[in-house]
Amino acid sequence: MSSRTLPLLFINLGGEMLYILDQRLRAQNIPADKAKKVPIADWIEADRRRVMNDIITTMFNKKFLEELFKPQELYSKKALRTVFDRLAHASIMRLNQASMDKLYDLMTMAFKYQVLLCPRPKDILLVCFNHMDAIKDFVKDTPNILSQVDETYRQLIEIYSPLSSGEFQLIRQTLLIFFQDMHIRVSIFLKDKVQNSNGRFVLPTSGPVPYGTQTPGLIRLFSCNGEEVKRQQFRNGGNYAGVLREGSFDMFGDRVIKLGTNMYSVSRPVETHMSGTSKNSAQHAKVNTAPNPLAKEELNLLARLMGGLEVQKPGNADSGFRVNLFATDEEEEEALISRPNDLSFGVINIQATKDLQANAELAKIMGEFTEAGEPCTSPSSKGDDLLAMMDGL
């Protein structure tokens, strides 16, 4: 497992989240009472920019990135999901549980497909730069946020440019292990016939070969002296093409590959469905109720990581608005009702007396839990989940 995987996973998933939210915010219907107060077009654009700016500001928070870029093991899907739950609600926008499930499914399956299609392990960094280029375009008119994004570019170049091909292969392997049990069907992929009905992707047998390699179809034989003595052609079974130039790994430049660019730029409905394989995997995971021996360390990491996220709360409850990732409210309600119980987040009881003494931040989090191990039910403007607890840090 690579200790340099987490920043790439977070930034690429964050980029996909911003693509989806931008598309949905542009298509969001405006409530009638708000439409009467201000021109609809102005309200949409102003609110969309505010949401995107708030999320990107939180995503590239300096303290948060300092923790993110530290060498560390990749932690669980639930912990990462908690981070993105908090990130998605870093502005006036609100998503209910069904829409958040759908958002996370789209994010993870899109990046999984991109990792699978990377010609070389090193090209994962180009995918990240494509996401960064799009994020930079979202905030091109906001200089203070732009400086945060530029600093992230510099950190990515400084940390990942010196890595060898073997280290990038380890990063790719770590990402694939993280994604291996996720088989969510997405309508875009199904319509393009790059995903099967069981949620598994169809990898192409044609297309460009990795930069610096030759197209398959030629066998060369050499003598003991290293001289070429014979050539033999064979049918490669595909339609391959060579790559003339490598993508740019600098802050500016042509990335060449299109993986990581915005696939939602053309408006089309996107649906997600949990495949049978995913349901079975979730059931198997639920049967194993033994505590994770790394849970305490993971909670410590999550407390430090999320302690750097400064969420801007709206001035009052009426200032927020809800975004629906489904075509209609009825579809969203139906998805929420039919949501498998396996997706619900459980609470692990952890004996962490020493940590309560050594870590004041973690002590505040633990103090919000009752003796039964359940979150307290006092009313809160953002709910009673871990995201709201972190706001007090």
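**A tour from hairpin to helices**

Start at F222: its bridge partner in strand 5 is E228. This is a predicted model.

Now select both strands around that pair. Strand 4 covers residues 218–222 and strand 5 covers residues 228–233. The two run antiparallel, joined by five bridges. Next, pick the turn. Five residues lie between the strands of this hairpin. Among them is G226, with a positive phi near 85°.

Move to the helices. Two packed helices are described by the angle between their axes and the distance between the axes.

Select helix 5, residues 77–88, and helix 6, residues 97–117. Their axes come within 11 Å and cross at roughly 115°. Angles of 65 to 115 degrees count as roughly perpendicular, so helix 5 and helix 6 fall in that class. The crossing is right-handed. Show side chains at the contact. From helix 5, display K77, L80, R81, F84, D85 and A88. Facing them in helix 6 are Q97, M100, D101, L103, Y104 and M107. Colour this contact by class: seven residues are nonpolar, four are charged and one is polar.

On helix 6, select Y104, T108, F111, K112, V115 and L116. On helix 9, select R172, L175, L176, F178 and F179. Colour by class again: eight nonpolar, two charged and one polar.

Last stop: Y104. This helix 6 residue takes part in the contact with helix 5 and in the contact with helix 9.

Technical notes:
Residues numbered from 1 in each chain as written. Predicted model: local features only at pLDDT ≥ 70, side-chain atom pairs only at ≥ 80, totals over all residues. Heavy atoms only, no water. Axes fitted to C-alpha atoms, helices over the stretch in contact; angles between N-to-C directions. Helix = DSSP H or I, 4+ residues; strand = E, 2+ residues; numbered from the N terminus. Parallel < 35°, antiparallel > 145°, perpendicular 65-115°, else oblique. Left-handed = near helix turned anticlockwise from the far one by under 90°. Contact = heavy atoms within 4.5 Å. Nonpolar A, V, L, I, M, F, W, Y, C, P; charged D, E, K, R; others polar. Pairing = 2+ DSSP bridges.
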